[in-house]
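Work through these exercises with the structure on screen. Try each task before reading its solution.

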Amino acid sequence: MRKPNLYIVEPKAKEGYCTWEVDLEGLARNAVISVSEGCRAVYYINGVEKRNYTARSSDDLIVNMRATAKMGVESVVGVNEKQPFTILWGLGDVPYKDAESGINTKIGMHGEFKFTVKEYGTLMNSLGIRDITPEDIKKHIFAKYRETLSFIVSSEIKGVESFRDITSLQKRISDRISANWEDELMKIGLELSTIALSEIKFDEDFLERINSGDYESQKNENPMEEFVRVHKEKEVIESFVADTKITCPVCGKKLEAGAKFCDKCGAPITSE
């Protein structure tokens with residue numbers, strides 16, 4: 001009787017799984033598991049990896065429940081190693097104070113990670129499951145490293161004079177995230193292919209206030225800066241006032257422009 005050639009690995013790989021456990025109870029006895037190109041089938045007994053098969057070696061992988069019953073519970077896990085997977089990511093609450101207007105706001109941004117599965121054992125142990133999709137990985141890494149991502153962005157935009165300058169930092173922020181997340185993804189068995197920061201967005205209320213000019217300066221001026229600014233303004237005012245005054249030709253007192261008599265000595269003031 002011809003052994004059935006059951007394509008187990010390939011269907012779920014097309015559905016976007018990074019790793020998945022094969023349902024052995026649904027197989028015919030002695031079924032051959034055919035491994036898709038770029039995938040791997042990993043054979044476990046009692047949770048310990050015994051053998052693994054790629055597309056070229058899949059003919060040797062025969063599922064025989066009776067033969068392995070004495071050795072323990074058998075399981076087979078499929079791994080998609082070559083296909084790059086994509087995670088869409090985003091942040092919407094990075095705090096920022098615009099130095100130009102003094103308005104506190106929040107910045108949002110979004111982009112994507114592309115990765116491949118490098119160490120399937122590390123990945124499954126890190127997430128604690130065997131059926132893993134990119135969405136599972138996204139939930140795991142963002143729950144654990146979201147604060148790190150926010151810190152990277154916050155430190156890059158800190159001190160930027162105007163919100164208009166932030167978009168020019170897009171590549172630098174993207175490069176820094178890439179360097180950091182290459183290490184973070186490696187810790188859970190993934191290899192980072194690329195990372196992209198697609199867009200930086202500003203709060204709509206913030207943009208409306210900026211464009212309408214409906215805001216008051218909220219700059220945090222330190223005492224020394226305030227002292228210098230106030231005295232400079234005072235000097236300018238005093239200089240302007242001095243230029244508009246006239247001098248009594250008799251006693252020399254400064255008088256308001258347009259005075260007819262000196263209010264000190266009573267001398268008449270004649271305009272030149």
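**Exercise 1.** Why does M124 count as buried?

Solution. This is a predicted model, in which local features need pLDDT of at least 70, side-chain atom pairs count only at pLDDT 80 or more, and totals for chains, interfaces and linings use all residues. Residues are numbered from 1 along each chain as its sequence is written, and side-chain values use heavy atoms, with hydrogens and water left out.

Step 1. Recall the cut-offs: buried is under 20% relative accessible area, exposed is over 50%, and partly exposed is in between (1.4 Å probe, protein chains only).
Step 2. Read the value. M124 has 7% relative accessibility, so M124 is buried.
Step 3. M124 sits in helix α3. Helices (H or I, at least four residues) and strands (E, at least two) are DSSP runs, numbered from the N terminus.
Step 4. List its contacts (heavy atoms within 4.5 Å). Beyond neighbours within four places in sequence, M124 is in contact with T19, Y44, V77, I129, R130 and I132.
Step 5. Look further along the chain. I188 is 64 residues from M124, yet their C-alpha atoms are 8.4 Å apart.

**Exercise 2.** Describe how α3 packs on α4.

Solution. Two packed helices are described by the angle between their axes and the distance between the axes.

Step 1. Take the angle and the distance. They are about 65° and 11 Å for α3 and α4. Axes are lines fitted to C-alpha atoms, for helices over the stretch in contact, and angles run from 0 to 180 degrees between N-to-C directions.
Step 2. The crossing of α3 and α4 is left-handed: the near helix is turned anticlockwise from the far one by less than a right angle.
Step 3. Name the residues. From α3 come L123, S126 and L127; from α4 come D136, I137 and H140.
Step 4. Sort them by class. This contact has 3 nonpolar, 2 polar and 1 charged residues. Here Ala, Val, Leu, Ile, Met, Phe, Trp, Tyr, Cys and Pro are nonpolar, Asp, Glu, Lys and Arg are charged, and the others, Gly among them, are polar.

**Exercise 3.** What span does α4 have between its end C-alpha atoms, and what would a straight helix span?

Solution. 
Step 1. Find the expected span: 1.5 Å times one less than the number of residues. For the 24 residues of α4 (134-157), a straight helix would give 34 Å.
Step 2. Compare. α4 spans only 29 Å.
Step 3. Look for a bend, the angle between axes fitted to the seven residues ending at a residue and the seven starting there. α4 has a kink of about 65°, centred on Y145. Y145 is also among the buried residues of α4.

**Exercise 4.** Where does α5 bend?

Solution. 
Step 1. Check the span. The 18 residues of α5 reach 26 Å, close to the 26 Å expected.
Step 2. Locate the bend. It is about 25°, at W181 in α5.
Step 3. Find the packing partners. The buried residues of α5 pack against β8, β9, α4 and β10.
Step 4. Zoom in on S174, which lies in α5. Its relative accessible area is 12%, so S174 is buried. S174 touches I195, A196 and L197, not counting residues up to four places away in sequence.
Step 5. G189 follows α5 and has a positive phi, near 90°.
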